[in-house]
Amino acid sequence: MNAGDNRLEAWLPRSLLNLPLGSAIPSAGFEGLSPVRLHWRNGHLLAPEPLPDHVDPPEWLVLPRLAEPHVHLDKAFTWASNPNLAGTYEGAMSANRLEHSTRTRAGVLERGDRALHLACSHGLRALRTHIDSVGPGATASWDALVELRERWSGLLDLQLVALVPVSHWSSPEGIALAQRVADVGGLLGGVIGPPYRQRPLRRDLQVLLQLAERSGCGLDLHIDEASVEPAIGLVQLLKLLDQQQVDVPITCSHLSSLGLVPVAEQQRLCERMAEHRVQVVALPLTNAWLLGRRAGTTPITRPLAPIRGLQRAGVRVAVGCDNVADPWFPAGCFDSVALMASCLTLAQLAPWQRLGLAPFTTASAALMDLAWDGVIAEGAPADLLVLKAGSWSEALMRPSQRRILISGQWWNTQAS
Ligand SMILES: [Zn+2]
């Protein structure tokens with residue numbers, strides 16, 4: 001492929017291909033990949049053409065540029081200055097608190113910009129970031145991330161979520177924060193985890209739901225990120241949703257301890273979530289690193305959102321990378337393809353299955369309410385992530401050479 005090319009022959013997951021009516025059914029290999037020829041003009045795709053069986057198999061695998069539903073850009077790359085060597089949730093919290101007390105606008109700008117450059121060069125088109133929004137570093141973080149959103153607009157969509165203890169939304173400062181978040185088109189978030197005090201929690205959550213509704217902001221909660229007291233936060237949320245109508249989108253991030261609830265009860269909770277259109281972002285990497293720790297043992301049971309059960313009940317589930325090189329998780333690189341490789345083992349999600357691929361593609365785009373669903377079709381944006389791989393296995397066995405097409409132009413990683 002050359003810089004001026006406006007066509008590509010590549011393998012495309014069959015579940016992401018939408019052909020014009022009357023087209024021949026394309027062939028698909030054992031991993032559900034179909035060989036297609038893509039053309040684009042003026043930033044949009046022309047009708048995809050299935051390739052006949054007798055042509056040479058393509059050397060590339062193509063995906064839509066991907067949407068990352070859950071990161072923390074404000075604290076990315078702070079592991080070196082604020083490590084959490086014990087790898088515990090409590091250790092992460094105290095290292096995070098220390099880092100937050102010295103956080104500056106310039107620091108968030110520099111680290112956030114580095115993160116977005118990586119994200120774009122790995123083929124992301126949108127990210128939702130949570131932002132620590134109480135304490136000394138809150139204003140600096142918001143100022144920097146609003147500026148970065150502006151700086152990267154046209155290349156990346158950035159969604160901003162205010163992360164606070166859920167009780168904060170009941171205070172005058174919380175109400176003022178909600179107004180500021182609404183003014184910049186952000187979302188309201190919060191942390192709901194053990195130890196749970198159920199009555200005050202329900203009261204705080206009720207206030208938050210009303211505030212979200214009044215301000216028109218979507219909700220994205222860090223909820224039940226734990227290996228004890230399974231799904232207590234979710235049960236309280238569902239009780240409230242049984243009583244009051246909420247029209248703004250609600251996302252439960254983590255929901256790890258729901259995976260520890262006995263299957264029949266778990267399925268009932270999943271069905272109630274589907275009824276209330278509550279969506280989920282599963283975060284296998286951080287959960288597997290932080291949760292279920294007992295000194296001197298290797299964990300066998302891993303708290304994780306029950307992705308398959310949620311999907312079966314009709315809940316929309318996306319998968320995100322969460323933390324990158326911060327006190328909560330020491331690795332990561334804003335690369336959804338690397339995340340897919342990790343999820344083979346962590347969640348047994350296989351991208352050659354429709355429901356194994358959707359959490360990284362169409363479901364994450366829908367959960368983030370993006371204009372493009374990520375399906376490759378005539379008229380779709382010419383926004384592609386192209387991997388040098390002839391199969392899923394090749395794409396996932398190591399970091400692949402890749403090219404990024406944005407609005408019909410090949411993106412030059414070095415020059416940006
Ligand atoms: Zn998070």
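These legends accompany close-up views of one predicted model. Local features need pLDDT of at least 70, side-chain atom pairs count only at pLDDT 80 or more, and totals for chains, interfaces and linings use all residues. Residues are numbered from 1 along each chain as its sequence is written.

**View A. An open sheet of eight strands.** The order is β6-β7-β8-β9-β10-β11-β12-β13, with parallel pairing. Strands (E, at least two residues) and helices (H or I, at least four) are DSSP runs, numbered from the N terminus. Two strands pair if DSSP finds at least two bridges between them. β6 (66–71) and β13 (317–319) stand at the edges with a single partner strand each, so one side of each lacks a neighbour in the sheet. On average, neighbouring strands are turned by 25 degrees against each other, direction ignored.

**View B. Strands β11 and β12.** β11 (residues 250–254) and β12 (residues 278–282) run parallel, joined by four bridges. I250 stands opposite V278 in β12.

**View C. Helix α3 on the sheet.** Helix α3 (residues 138–151) touches β7 (124–132) and β8 (157–163). Contact means C-beta atoms, placed from the backbone, within 7 Å. The direction of α3 makes about 165 degrees with that of β7. Axes are lines fitted to C-alpha atoms, for helices over the stretch in contact, and angles run from 0 to 180 degrees between N-to-C directions.

**View D. Helices α5 and α6.** α5 (residues 198–215) and α6 (residues 232–243) pack at about 55 degrees, with axes 10 Å apart. The contact is made by Q198, L201, R202, L205, Q206 and L209 of α5 and I232, Q236, L237, K239 and L240 of α6.

Terms used
Two residues are in contact if their C-beta atoms, placed from the backbone, lie within 7 Å.
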